[in-house]
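This report is for a reader meeting the structure for the opening time. Please look at the sequence and the model below before reading on.

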Amino acid sequence: MIRGGKSFVISPPAFSNDAKKLLVCTGNTVSVFSTSTGLQITELEAHTALVTSVIVVPASTPASKILCYCWTASHDGTIRYWDFSVPELMKTVDIRFPIFSMAIPSLLAPYLENHEKEHDLFAYVSTGDTGQQKKDSNALHGQIRKCNLTKSRLAGGVILAETQKPEHITISSSGKYFGIRDKRKLRIWNVPAKDAERTDIKKIRLHHTKNFTILAFHPTERIVAAGDVTGRILIWRNFGERTFLGGGKLINGGSMNNEDERPGVRGDDDAESCTTWHWHSSEVKQLLFSSDGAYLYSGGKEGVLVVWQLDTGKKKFLPRIGSPILYFVISPDPSLSSISCADNQIHIMRMPSMEILKSIAGIKLPCSVPETCKSPTSGFAFETTSGVVAICAQNYCIQLYSLFDDREISEVQVCERNHQPGDELTVIVNLVMLSLDGLVMGTVETWLPEEGIGGHVSLKFWTRDSPNGDFSLSTIIYEPHRDAGISAIAFHPTRCMAVSSSYGGDFKIWVSNNARQWKDKMLQKAGWTCHAVGSYKNKPMTAATFSADGSVLAVAAETFITLWDPEKNVLVAVIGDSLEPIVSLSFLGKSDYLVSASRGSSPQLSVWSMSKLSVAWSYKLHAEAVAYTQLNSSFAILAYSLSLLNTLSTNKPLCKVTLGQFYYLMLEIRFLWPLGL
């Protein structure tokens, strides 16, 4: 089975010491990418559940930058040590608790002198129990634990904190401090210079009136910054003076409770001052100090990276990324950084200009569509020969993604709109369809009325010279079916012909101005015009498809299937009368069969014989999607219901496969039927 698509933004990525590789948590694996090409080099495979942390072992000397070692942690309860240049698994530590985050302070501490005895290596892990968390949301299900990596065991009885849910651990670049957010509190620990299993670890708490979302430590000073759900950034200076340094009750000669001496600090919090900055309109997703500590980077839903000058609070804005920012990571090479965005992209950036050098993109999420605009047809299309899928993605784009190579091929900007993350949605890309050879693409976009005024539907045809070329816009047709929405697009298998069906009660056949065979013409120079219009009793036309040889056009007229001669636009036959509107039609390769799927309170999957113009067999089944092969009469469906398994006698499925997430939708069962009838 060909699988494509992963989430690249589960957790922050990590650069190799020479900044030539980027390690990214991708499901149960860690994918290693080249920062110069953006292509995957290798993969670390051994974990059996979601990988949540990857930590590269820093180089202790300039000569050791070529070494490629890292630690990974996962929900499978294991911590693993790798040589990712080979790649080779070198060690496994099983703590038997799902790990949501991990920090290893000793890796960041100054390297031990040769005469000094090396101490055990300790990791601090955020663990939890996902099963129990669902049962009782008020119970404490997150814990901060200590793990001895040298001896491959948890530090017995050492639980630093308990939280309602597992929290992300943030560590300072020196390894001296680490902390978590816990609702309206920050918990910060001071790591001992010589850590041991039973060493007492001092901690402080800093309080706020709103829930925190993120925190970051200054690289050299005792300064911590935290963002909250309202978009504010709080900066505490000289935190831990009395607790970590034993400074007693006085700071600069004043009492800890003297608010004039400790502006912005709440209660008895151990800090000298607290400053608040505010620019973000919603929660702060990312905070990071620059390597010299002079600047603080912040990011959020706006898709803008804000650069704050720490001493003055002045800010400037780096170029808009176009998607909410989740993580910002600076590499050991100060000229490179990475930004992870909510659209499942990681951008490799040149610093300080923030020029995007390369992008690593997974399958992108579709935009959220209002209920009134949702279509039963899919927002994606397959080009089977090259293994490319076209997806209606966010930001009014069509993403072309190769399932064979498991990477993004290109993007097509369907409409140019200055839409920013968080803005009210005004345009929806509803449909996309590819021709059989992948050289022509059709898209449908719906412009929503604003304050009850305006709104229309546009049909666009895009063409390219070769399967590896870029699509260019050929034709725009405004309101092709008056003010009605388009239910489906289908392409003729051999000719420059397409059909669009409409909920308004008609379908239209479109032809290219150049009528020669597809392989013999320059598609970029061809425009599209209406060849014919058809309807059946003014019923909504809800689905359409061509036969394998293109001689028959099947169009669903709500609960009926109408069969047409597409050249003469003549109605040949009408078959069927389903209980619910038909939403999908598919001719099965070069066979004699047509598959229809209807949804509603009485869903039906039916197989029709074209020679007999009657139903061959059918099942009461909600089919979410139907796919077929070009070579034989096998086809596949995606279905939510399992009830038919108890009623199958003949035509049993060749196989059934339990699926996890595909295209970010939960899909349960796949059936493959042979139609040997």
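## Model and confidence

This is a predicted model, in which local features need pLDDT of at least 70 and side-chain atom pairs count only at pLDDT 80 or more, while totals for chains, interfaces and linings use all residues. Residues are numbered from 1 along each chain as its sequence is written, and side-chain values use heavy atoms, without hydrogens and water.

The pLDDT (the predictor's confidence in each residue, from 0 to 100) averages 84 over the chain, and 84% of the residues score at least 70. Residues 515-524 have a pLDDT below 50, and this stretch makes 25 contacts (heavy atoms within 4.5 Å) beyond near neighbours in sequence. Residues 642-672 are also below 50, with 75 such contacts in the model.

## A four-stranded sheet

Strands (DSSP runs of E, at least two residues, numbered from the N terminus) pair if DSSP finds at least two bridges between them. Four of them form an open antiparallel sheet in the order β5-β6-β7-β8. Because β5 (51-56) and β8 (88-94) each have a single partner strand, one side of each is left without a neighbour in the sheet.

Strand β7 (residues 78-83) is joined to β8 by six bridges. Thr78 has Asp94 in β8 as its bridge partner.

## Aromatic rings

Rings of Phe, Tyr and Trp (its six-membered ring) pair if their centres lie within 6.5 Å; planes under 30 degrees apart count as stacked, over 60 as edge-to-face and the rest as tilted. The model has 21 aromatic pairs by this rule. Ring pairs link Tyr177, Phe217, Phe239 and Phe244 into a cluster.
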